[in-house]
Structure formats: C-alpha cells, structure tokens
Amino acid sequence: MADIIARLREDGIQKRVIQEGRGELPDFHDGTKATFHYRTLHSDKEGTVLDDSRVRGKPMELIIGKKFKLPVWETIVCTMREGEIAQFYCDVKVENPGTYQQDPWAMTDEEKAKAVPVIHQEGNRLYREGHVKEAAVKYYDAIACLKNLQMKEQPGSPDWIQLDQQITPLLLNYCQCKLVAQEYYEVLDHCSSILNKYDDNVKAYFKRGKAHAAVWNAQEAQADFAKVLELDPALAPVVSRELRALEARIRQKDEEDKARFRGIFSH
C-alpha cells in the first residue's frame with residue numbers, strides 16, 4: 001500500500017481509504033471493466049458536490065487501457081480493491097480556452113479540422129528531433145480527428161474522398177515511425193490498406209517493400225520495389241540500395257543456415 005500511495009503522490013494525488021475492500025488488489029489488465037459509483041467534490045470548505053453518479057442513477061463503467069476522457073480515473077481505480085470506498089484529492093491545473101491543445105475526443109468538428117495541420121506539423125518536428133514514438137502518437141491523433149469527420153460523410157462522396165486523401169500522408173508518416181520502431185507487420189497492414197485504394201502510391205509500395213524485406217518476404221519485397229521503379233524511375237538508386245541490402249541479408253542467412261546444418265550433421 002505504501003508503494004501505491006507514493007506513486008499516487010508523484011501524480012499529485014492523495015488517497016484516504018474510508019472502507020477497506022475485499023481480497024487482493026485485482027490485476028487490472030487492459031480490457032478489464034471496472035464498475036463503480038463516484039462523487040466529485042470541490043476542495044472548498046463547503047465541499048460543493050460537482051457530480052454524483054448515484055444522483056444520476058447510473059454507475060461509471062471504465063474499460064482499463066482506454067484512458068477515456070480522464071486518465072486519472074484509471075490511475076485511482078487501479079489502486080482499489082473490490083468493495084473499497086476511498087477519497088482522492090487531485091491537483092487540478094486550470095488553463096483558459098485557447099492556451100492548450102485539446103484531446104481529439106473533446107473537440108468539435110470545426111476544431112478537429114483546424115487542429116489536424118497543427119498536430120501534423122508537431123509530429124514532423126518530433127520525428128526530425130528523433131522522438132519517433134511521440135511523433136507516432138501525434139500522427140495517430142491527427143488521423144483519429146479525420147477518421148471521426150469521415151465517419152459523418154457518405155463513403156465515396158467528394159467530402160469523404162477529400163478527407164481520405166488527407167489521411168493517407170499522415171498514415172504513411174505513421175508507418176515510417178513504425179518502420180523505425182521495427183513494428184513491420186503494422187506497416188504491412190496499413191500500406192496494403194492504402195494500396196487497395198490508391199494503387200499508384202509510390203511511398204506505400206516503398207515502405208511496404210522495406211517491411212517485407214525486414215520479415216524475410218523476399219519475393220514480395222522485390223515485387224514492391226519493382227513497382228516503385230515502374231512508377232518513379234528516378235528512385236532507381238534508392239531501390240538498388242535496398243535490393244542490395246536485401247540480397248546481402250539473404251546470403252548471410254543462407255550461410256548461417258548452412259553452418260548450422262553442418263553443425264547438426266557433424267554430431
């Protein structure tokens with residue numbers, strides 16, 4: 001319990017147990033659903049009630065790992081046992097409208113549309129500075145904004161297509177981050193989804209080719225790189241370098257396999 005209290009304090013949270021819970025602390029894996037009642041009070045002398053789930057007649061249902069709306073809910077719930085009643089004091093930072101970047105879920109449609117280019121540029125800056133994981137989050141957020149707007153349009157309509165064409169470069173940037181992170185199968189999935197709609201996208205073929213090469217899909221990699229050359233012959237030097245690297249890796253793997261087999265049969 002002391003470790004839990006210390007971790008909460010690091011996040012600016014104080015906990016006071018009013019009623020002990022039952023059993024051991026649950027193992028809150030992602031996807032676990034926690035159902036509970038809560039009451040939110042102002043820290044003034046009167047303890048003004050801001051929100052009360054019992055008054056509304058419906059408990060909170062929280063899916064662990066989703067960090068829906070207020071991540072602090074997950075932080076505090078994951079310290080509680082079944083049946084426990086506890087009081088938490090949280091530090092609150094108050095920021096005026098326009099002085100902070102909203103999460104996509106909290107934005108209006110107009111705010112989402114305006115935020116996308118800003119988030120896109122932030123992702124590019126983070127990537128240039130070597131913060132690849134953080135850049136991927138920004139690209140993901142921008143894609144989420146556009147996907148949300150796209151869901152409100154008729155598939156195939158001009159507005160839907162326009163949004164999809166905005167999503168594509170962001171998704172390719174996201175794939176580049178995943179290439180760097182060596183998450184190759186995610187790159188394969190996303191690039192294939194792009195090419196199913198836009199079969200002349202050179203960047204998608206190139207990134208998918210690199211991902212295929214990384215997971216030893218040599219024929220698929222060669223086919224993608226051939227398509228890159230067909231669509232943009234000016235990329236021949238880059239493609240040649242990738243193919244030479246792939247061939248070198250294949251030769252090295254073959255030699256290692258032969259050595260391993262020799263070792264097996266020599267016993």
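1. With a relative accessibility of 18%, Val132 counts as buried in this predicted model, because the cut-off for that class is under 20% relative accessible area. The residue belongs to helix H5, which covers residues 132-150.

2. As for what surrounds Val132, once its neighbours within four places in sequence are left aside, the residue is in contact with Tyr127, Cys177 and Val180.

3. Lys207 itself is part of helix H8, made up of residues 202-214.

4. A point that a new reader may wish to look at in the structure is the charge of Lys207, since this residue is buried and yet has no salt bridge. Which side chain of opposite charge is nearest to Lys207? That side chain is Glu242, and it is 10 Å away, whereas a salt bridge requires the nitrogen and the carboxyl oxygen to be within 4 Å.

5. Turning to the chain as a whole, its secondary structure consists of 10 helices and six strands, and 31% of its 267 residues count as buried. Of the contacts between residues at least 6 apart in sequence, 57% join residues at least 24 apart. The chain exposes about 17,900 Å², of which carbon and sulfur atoms supply 51%.

Note on methods:
Residues numbered from 1 in each chain as written. Predicted model: local features only at pLDDT ≥ 70, side-chain atom pairs only at ≥ 80, totals over all residues. Heavy atoms only, no water. Helix = DSSP H or I, 4+ residues; strand = E, 2+ residues; numbered from the N terminus. Buried < 20%, exposed > 50% of the residue type's maximum accessible area, 1.4 Å probe, protein only. Lys, Arg positive; Asp, Glu negative; His and termini not counted. Contact = heavy atoms within 4.5 Å. Areas by Shrake-Rupley, 256 points an atom, 1.4 Å probe, with all protein chains shown as cover.
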